[in-house]
Amino acid sequence: MAWRRARREARQGPNPALRRLTRACHCHSTQAARRGQIYGTWPTDERPRLSLAGAQDKCPVLVQNGDYFLPQQEAPSSHILKFELADYRHLPAYETFTTLLAGSIGLQVVEIELQSIEQVRYALIARYDRVLDEQGEVQRLHQEDFCQALGYGYEKKYQEHGGPTFAQCFRLVLDTSSEPAIDSLHLLRWQIFNVLAGNSDGHAKNLSLLHLPNGETRLAPFYDLICTRAIERIDYHLAFDVGGKRNPDAITQAHWDRLAEQCDVRARFLGSLLEETAARLLENLAQVKETFKVRFGAYPALQRIEQLVTKQCQRITKR
Ligand SMILES: Nc1ncnc2c1ncn2[C@@H]1O[C@H](COP(=O)(O)OP(=O)(O)OP(=O)(O)O)[C@@H](O)[C@H]1O
Ligand SMILES: [Mg+2]
């Protein structure tokens, strides 16, 4: 296989399929940072979606023994790098923290680490659609995001732009997952998490189905989890509405009941999931902050997320 040959050659010296990356990374971050600046004066009622702000540019790399390579031709990447931008300096830290928080309540999430190069921070995210074969070589798994799986073009990833609804995604999981009960429950908890943790960018391309080597189809681990509400100048309305409501501050029990009805689950069941998730998030916040600090250092700006999550969760636990 060309890729195997490339890797063998990589151990022996320079080759056309893998390019060592330190400089390319730096270049990419600088260009991306420039792009971020144009949104500095966006009016409050016309805030862009996070992806429209170009804020989530990704750089796929192969990571081997701590070295980064830019895969060429058919060589697969193993990780994705997401850099901080001039106007969105906290993105990598916010995504890392939000992902750790989601993991702490039992959601399956991508592996993520906060790193830096020449004082530019970035998130290093493992690709969930990769496995190592018996030779230790990276192999691809087939994945489909929910727009692809439901037959919507990528320009329809947001419900407000004519994209799928949460109920359609829920139905897709029930119809296609090899473990429909488990995966549909995860999906419900993901949407609850998005509302409580301020991730308003949970759209149909931020969900995927993964086709495993054993022939099973499963909901992929959750990715692109970020408390977008902690970022000024980004639209705070939810990508998927809850019972017709997109403003996360205006969602009441009646809206959750309506969502339950749309998904054909018992309202009382969804209500107890909501309460349980809110309680667990409140319980876990301090510990996740401590874990973050131990692994990546103190990061005072995370307070913003902590306050937002606490407020949202207390709306549920104190009612
Ligand atoms: N960690 C990951 N591992 C494997 N595939 C991923 C990972 N993160 C994202 N992807 C895949 O890459 C696709 C494109 O992702 P990307 O996030 O760039 O586009 P998008 O979802 O339209 O943009 P955004 O999330 O910025 O709104 C996703 O739909 C998903 O299938
Ligand atoms: Mg995405």
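Mentor: Two strands are said to pair if DSSP finds at least two bridges between them, and the strands themselves are DSSP runs of E with at least two residues, while helices are runs of H or I with at least four, all numbered from the N terminus. What you see is a predicted model, in which local features need pLDDT of at least 70 and side-chain atom pairs count only at pLDDT 80 or more, whereas totals for chains, interfaces and linings use all residues. Residues are numbered from 1 along each chain as its sequence is written, and chains are lettered from A and ligands numbered from 1 in the order in which they are written.

Let us begin with strand S9 and strand S10 (residues 208-211), which pair in the antiparallel sense over four bridges; here Asp145 has Ser208 of S10 opposite it. These two strands belong to an open sheet of three, ordered S9-S10-S11, with antiparallel pairing. Its edges are S9 (142-145) and S11 (217-219), each of which pairs on one side only. On average, neighbouring strands in this sheet are turned by 25° against each other, direction ignored, where axes are lines fitted to C-alpha atoms, for helices over the stretch in contact, and angles run from 0 to 180 degrees between N-to-C directions. As background, strands of a sheet pair through backbone hydrogen bonds, either parallel or antiparallel.

Now turn to strand S6 (residues 120-126), which pairs with strand S4 (residues 79-83) in the antiparallel sense over five bridges. Within that pairing, Ile125 of S6 stands opposite Ile80. S6 also runs antiparallel to strand S5 (residues 112-117), to which six bridges join it, and there Ile125 is the bridge partner of Ile112. If you follow the chain between these two strands, you find that S5 and S6 form a hairpin with two residues between them, and that Glu118 in the turn has a positive phi of about 45°.

Finally, a word on confidence, given by pLDDT, which is the predictor's confidence in each residue, from 0 to 100. The chain has a mean pLDDT of 87, and 82% of its residues reach 70 or more. Read other stretches with care: over residues 1-16 the pLDDT stays under 50, and the model has 15 contacts for them beyond four places in sequence, a contact being two residues whose C-beta atoms, placed from the backbone, lie within 7 Å. Residues 32-43 likewise stay under 50, with 23 such contacts.
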